[in-house]
Amino acid sequence: MEPRKRRPVRPAPRRAQPDLRLRRRILVGLLSAAFVVLSGAVFHRQVLETSQLQMEGERRHLRLAEIAARRGMITDRNGEPLAVSTPVETVTADPRKLIHQPAVIQPLAVALALDPKGLEQRIGETAGRGFIYLKRRVSFEEAAEVRRIVADYSVEGVNFETEYRRFYPGVEVFGHVLGFTNIDDRGQEGLELAYDSWLKSEPGLRRVIRDGRQQMIQEVEQVSSPRQGADLVLSLDRRLQFLAYRELKAAVSEHKAVGGTLVVLDVQTGEILAMVNQPGYNPNAQRDGGIERRRNRAVTDTMEPGSTIKPFVVAAAMERGLIGPTTPIATRGGTMRVGSNTVRDVRNYGNLTVTGVITKSSNVGVVRIAQMMGYDALWELYDQLGFGQRTAMHIPGESRGVLRHHSTWRVIEHATHAFGYGLSVTALQLAQAYSVLAADGIKRPVTLLRQDPAAARAGAAETRVLSEATAKRVRAMMETVVSPDGTAERAMIPGYRVAGKTGTAKKSSGRSGYGGGRYQAVFAGFAPAGEPRLVMVVMIDEPRGKAYYGGQVAAPVFQKVMEGALRLFNLPPDDPQPSMLLAHREDKP
């Protein structure tokens, strides 16, 4: 049998392969399409959306920054600066960046006089914040050292801002009146506090672009303009203030006193030309002396006026036609009984006239004059003079003093109110009361702001307290006090007539009464006595030397300061036959 023939095996047909050229065409097409899409997107964003993208970019780095504004300047009546704000630098930081640079914390702390551990802890506690003050209002040397450290260490997150720092050129001479500001340039005491709304500034705002290091690279626009503080012109005279400060400080030191106060007023306008206190403090330095040194004693502290009140008792009786300058007053023996108490003079003056009561400062004589009137007569005059009331100046901490209503007085209190005990006044209140005598019976409001003389004289705030005739007669009697026969010979000024009154008040020691030998020596007066222009009150608190009478301790300060003031204000002499000051003067009360 013939074998079967095998069919030849045919290879399987190959699958069709895509054309390589087609593949290349497709790939090129896809790349071209992608390029077109990308180019379109770039064109759209770079050309059509340019402004929108710029806005988005700027929004990520736009910040609002303050534009520093200057607090108002305080000047004296002649434009001399007393308080100014100077631009200084403040060092700030971004804790989020600074915390990653621990090596610079120690040098920065040393440069800024900070505690390194405290700074490190503060940065750690604020690591989630973008801003803190490292130190505000640094010195020029501190700022320079911080800049050197930033450059040497390539520090990120440390920046500088401009602020203003208050500076007081007069240092402690004006410290009590001006007060001071805090770190935010807001008034804390004195006129800085009283007129803070007038002096304070409002910073402006600007929109800026900062880079990644928070450095400003462009100012975009000003959002709001800064408002500078308004300047304040005071009635104080810088020259007179320095003179008063020097003489008061010298007297306090000479008599080993606890402190002292001096106030000078312009009779015509009610302006305060000088107001100084001791002890003082420096408002530019660290204020660690306590409130005792910072308070303006001329308005915050009260005193019993002692014998400086006696001219007003005489004036009240004269207004009622009860006495005249030559009316005899029985003071023989130097003592008198008032109820169960005894009123005494320092010596037996015999019988005196009303003028003699003022000249010799007789307690017995002035009580006899007061007893000619009812309690209400004395109280009403004291009330009209402003005792027991604050002045209209609204100085922070000002005291109203103490003047109890006459309905509560006992018979001995009627007597003590006649020689300056049982009531209390500030030095400013006493100066204002004396200006009534000096201004022919007119009371004018006192002020620390410069006044236009014509406007002040025509002001509607004037009040008549005494008749012109009474004021002039009392002034004439007070001239005898500043004479060799009176208690204030040391207040005499060659070429000028001076009128005034001494006071030596014992200080109360609480429950123990007036024991302890503590006194306040006072002299209040005015010059030129013919047509008074300047009123001054000087009080030396607790002189601890041998002398403690007002005529010994306070009157010499009045003489030196008033003599200088008369020359500074070009007031002509009014004494045709000037009395020569004696080389040797007796100690007088």
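Among contacts in the chain between residues at least 6 apart in sequence, what percentage join residues at least 24 apart? The figure is 72%. Contact here means heavy atoms within 4.5 Å.

**Before you start**

This is a predicted model: local features need pLDDT of at least 70, side-chain atom pairs count only at pLDDT 80 or more, and totals for chains, interfaces and linings use all residues. Residues are numbered from 1 along each chain as its sequence is written, and side-chain values use heavy atoms, leaving out hydrogens and water.

**Stop 1: the whole chain**

Select everything. The chain has 22 helices and 19 strands. These are DSSP runs, numbered from the N terminus: helices are H or I with at least four residues, strands are E with at least two. Of the 589 residues, 49% count as buried. Buried means under 20% relative accessible area, with a 1.4 Å probe and protein chains only.

**Stop 2: α13 and α15**

Select residues 310-319 for α13 and 363-370 for α15. Their axes are 9 Å apart, and the helices pack at an angle of about 30 degrees. Axes are lines fitted to C-alpha atoms, for helices over the stretch in contact; angles run from 0 to 180 degrees between N-to-C directions. Now show side chains. From α13, Lys310, Val313, Val314 and Ala317 meet Asn363, Val366, Ile369 and Ala370 of α15. By class, this contact has six nonpolar, one polar and one charged residues. Nonpolar covers Ala, Val, Leu, Ile, Met, Phe, Trp, Tyr, Cys and Pro; charged covers Asp, Glu, Lys and Arg; the others, Gly among them, are polar.

**Stop 3: α18 and α20**

Move to residues 427-438, helix α18, and 468-479, helix α20. The axes come within 8 Å and cross at roughly 110 degrees. α18 and α20 are therefore roughly perpendicular to each other, a label for angles of 65 to 115 degrees. Tyr434, Leu437 and Ala438 in α18 touch Ala471, Val474, Arg475 and Met478 in α20. That contact has six nonpolar, no polar and one charged residues.

**Stop 4: α22**

Finish with residues 555-568, helix α22.

Is α22 mostly covered or mostly uncovered? Mostly covered: 10 of its 14 residues are buried. Among them are Phe558, Met562 and Leu566. Show the cover too, including α10 (238-254), β9 (259-266) and β18 (519-527).

Conventions
Angles under 35 degrees count as roughly parallel, over 145 as roughly antiparallel, 65 to 115 as roughly perpendicular and the rest as oblique. The expected span of a helix is 1.5 Å times one less than its number of residues. Buried means under 20% relative accessible area, exposed over 50%, partly exposed in between (1.4 Å probe, protein chains only).
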